[in-house]
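Please consult the sequence and the structure while reading.

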Amino acid sequence: MATYQIEVTDTFAGEANYCWVRRYTIEARSKRGAVTKLAREHGKGWRVDWDSGDTARYNLQGAAVCLFVTEAK
């Protein structure tokens with residue numbers, strides 16, 4: 001298991017806005033697993049936008065909200 005940091009924030013014109021932000025620390029086997037655990041608690045509908053290897057961005061369907069997930073070092 002690894003520890004992942006997740007930041008959930010609002011978007012404006014498709015870009016992360018950070019008008020508000022919520023931060024979570026989740027233990028999971030992968031970035032996708034961390035997002036799945038977050039979705040069980042806070043709502044489903046997250047779709048991957050891009051994954052650069054270190055960081056991945058997911059968008060919430062039907063909302064101006066995104067999240068970034070990175071492995072904690």
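Q: Which residue meets the side chain of K31 in a salt bridge?
A: This is a predicted model, in which local features need pLDDT of at least 70, side-chain atom pairs count only at pLDDT 80 or more, and totals for chains, interfaces and linings use all residues. Residues are numbered from 1 along each chain as its sequence is written, and side-chain values use heavy atoms, with hydrogens and water left out. A salt bridge requires a side-chain nitrogen of Lys or Arg within 4 Å of a carboxyl oxygen of Asp or Glu. At 2.7 Å, N to O, the partner of K31 is D51.

Q: How many residues apart in sequence are the parts that K31 and D51 tie together?
A: Helices (H or I, at least four residues) and strands (E, at least two) are DSSP runs, numbered from the N terminus. K31 belongs to helix 1 and D51 to strand 3, so the parts tied together are apart in sequence by 20 residues.

Q: Is K31 buried or exposed?
A: Buried means under 20% relative accessible area, exposed over 50%, and partly exposed in between (1.4 Å probe, protein chains only). Because the relative accessible area of K31 is 15%, K31 is buried.

Q: What is the distance between the closest N and O atoms of D49 and R57?
A: D49 is partly exposed at 42% relative accessible area, whereas R57 is buried at 7%. These two residues form a salt bridge, and their closest N and O atoms are apart by 3.5 Å.

Q: How many salt bridges does the structure hold?
A: Among them are the pair K31 and D51 and the pair D49 and R57. Another joins E7 with R23 at 3.0 Å. The number of salt bridges in the structure is 3.
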